[in-house]
Amino acid sequence: LKTYNCLVGTPEVFRKALTVTKYLQPCNLSLVVFDECHNAVGNSPMVSIMRQGLWHAPSGPRVLGLTASFAARNLKNPTPSLFQQREHLESVFQASLLSPDVGEDAKGKTNEMEFVRVSYMDDMSGVTLRSEVTEALVELLISAGHSQKYLSNTSGSLMHVLEELGKRALLENCQEGGCLVAARSKSDNTDGHSQRFLAYKHGVLAEKLQDAPAMCHKLRKLLALLKGELSGRRGIVFVRQTVLVQPLTKLLNSELGTPTSPMCVSVTGISLMTEAEQKASMREFRSDKVKLLVSTEATEEGIDVCDCEYVVRYNQFHTTKSHIQGSGRARMQGAKVYYFGNDPTREQALADKMALVAGDNSLAMAEAEMRKRKAEHLARMEFASVHPYRHHSNEINVVNSLTMVFEYCQKHAPNIRVTDCFTFQSGTHLHGCQCIKRFDYPTPTGTWNSVHASEVDKHWGKVNVALILDKTNFPNLKGADRCKRRFLYVVAINLVKQGLLNEHNQPVPKTASRAW
């Protein structure tokens with residue numbers, strides 16, 4: 001801030017700066033802008049920035065939230081849910097929702113977009129429901145050395161590939177997408193026995209699928225669109241699960257492109273692609289080197305290509321936000337949006353209802369009610385001598401302590417998983433949490449210290465952590481998560497008292513630790 005007047009970053013970066021390290025102070029800011037502010041739900045970084053950061057400042061900055069669709073959740077019961085989501089955002093940001101009139105010109109551009117529903121036959125459900133197919137797939141994964149812990153999720157993801165794309169995609173994904181490759185690095189390659197055994201299991205799976213179509217009817221309909229009326233045009237195909245991105249991209253390139261001239265590229269989240277890979281794919285798409293981009297729904301808010309001519313939603317989506325954000329990627333005049341799993345008429349009706357709720361100023365929350373909800377939340381966080389723990393100009397609470405402890409352990413024991421630092425015992429805690437016996441943490445000298453359950457219980461006394469991490473404000477936290485945060489809060493206090501965390505709640509250099 002001494003050099004620049006404007007800082008740009010992700011919500012998580014600013015959450016840490018405002019609520020954990022306190023390198024940023026609200027009094028030093030005049031304006032905070034939240035892009036895509038509908039993501040301020042549950043215990044997300046945006047919510048933490050407001051409740052654990054800006055709300056505590058006696059005179060904080062002005063706040064501006066921007067969104068094209070304020071309702072981010074599934075509208076199972078549209079009208080009440082819309083009211084509730086509007087109230088939630090107004091309460092979190094302590095601001096009234098404003099829906100300005102954008103004028104007839106902008107409305108006209110939206111109305112010119114054409115929505116098309118694509119019908120297809122479900123010719124895969126009978127195959128995916130057959131137990132012998134699942135059993136053959138599980139046996140292949142076990143033979144490839146996949147962990148029992150993740151076996152169910154992995155096999156479920158691969159069955160999703162089969163159901164949504166067909167036999168060819170599944171068999172290719174098993175052989176080239178990591179199933180056999182992972183095992184090769186673990187096996188004895190001198191006699192090739194492991195590879196032959198895996199090839200045999202792959203053959204068993206192929207035999208169980210011999211009557212399944214190589215490509216399901218749904219995929220064939222997509223190919224017909226891309227080869228027909230969408231041929232040569234630039235567009236985006238959105239899929240729901242990451243596991244579909246690479247198999248679908250490979251199939252489309254095989255059917256529509258050539259080995260030296262691919263038809264499409266893909267973009268997924270950072271769990272499967274590095275930032276450099278993401279940027280490289282987007283450069284190829286934006287520069288028109290390729291005509292098609294395959295992406296997950298997670299990127300539907302971040303892709304902006306002005307001459308995108310169509311969008312295909314290959315899987316069913318469940319929020320009005322997805323309808324608005326996804327279709328908004330088709331920026332050219334006269335663009336088309338194709339839905340394989342949703343009714344465009346119904347989705348547009350829900351979007352229209354949301355627009356009415358957003359534009360009705362009589363529904364705005366009164367300032368007195370905003371202040372009341374803020375005061376109630378802050379009061380729930382205060383328990384004298386128990387919570388929060390304040391030191392220097394900073395504080396530790398059950399929200400930010402998890403980040404502190406995890407980062408501390410990763411710094412001093414980078415090869416140890418933090419989850420392995422917990423020791424559990426059978427039974428249930430009096431507050432309904434899983435019983436944690438102790439938490440072990442490394443020290444800068446190479447030794448390990450422990451915080452035991454008796455110490456945690458003594459600190460909390462009769463205070464129930466569920467009163468702080470209540471279901472209204474922290475709806476995504478399960479009982480086990482609350483129990484871990486209750487425990488790690490005391491661990492973080494110990495780290496501060498032992499001089500292992502500095503005034504910014506950061507691990508001190510190894511040579512600088514000292515007792516306070």
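Arg51, Gln52, His56, His377, Leu378, Met381, Glu382, His387, Pro388, Arg390, Glu395 and Asn397 line the largest cavity. A cavity here is a set of points on a 1 Å grid over the protein atoms alone, where a 1.4 Å probe fits but cannot get out; lining residues have an atom within 4 Å of a point.

A word on the source. This is a predicted model, where local features need pLDDT of at least 70 and side-chain atom pairs count only at pLDDT 80 or more, while totals for chains, interfaces and linings use all residues. Residues are numbered from 1 along each chain as its sequence is written, and side-chain values use heavy atoms, with hydrogens and water left out.

Back to the cavity. The structure holds 1 cavity of 30 Å³ or more. The largest has about 60 Å³ of space. Helix H2 (45-53) and helix H16 (367-380) each give its lining at least two residues. Helices are DSSP runs of H or I, at least four residues; strands are runs of E, at least two.

Now the surface. Leu31, Val33, Leu64 and Leu66 make a nonpolar patch of about 340 Å². Strand E1 (31-35) and strand E2 (62-66) each give two or more residues to the patch. Patch residues have over 30% relative accessible area and no salt bridge, and nonpolar side chains are joined within 5 Å. A salt bridge puts a side-chain nitrogen of Lys or Arg within 4 Å of a carboxyl oxygen of Asp or Glu.

Buried or exposed: what is Val267? Val267 is buried, because its relative accessibility is 5%, and buried means under 20%. Val267 sits in strand E5 (residues 264-267).

Key
1 Å grid on protein atoms, 1.4 Å probe; cavity = no way out; pocket = protein on both sides within 12 Å on 5 of 7 lines; lining within 4 Å. Points joined across faces, edges and corners; volume = space filled by probe spheres on them. Patch = residues over 30% accessible without salt bridge, like charges linked within 9 Å, V, L, I, M, F, W, Y side chains within 5 Å. Areas by Shrake-Rupley, 256 points an atom, 1.4 Å probe, with all protein chains shown as cover. Buried < 20%, exposed > 50% of the residue type's maximum accessible area, 1.4 Å probe, protein only.
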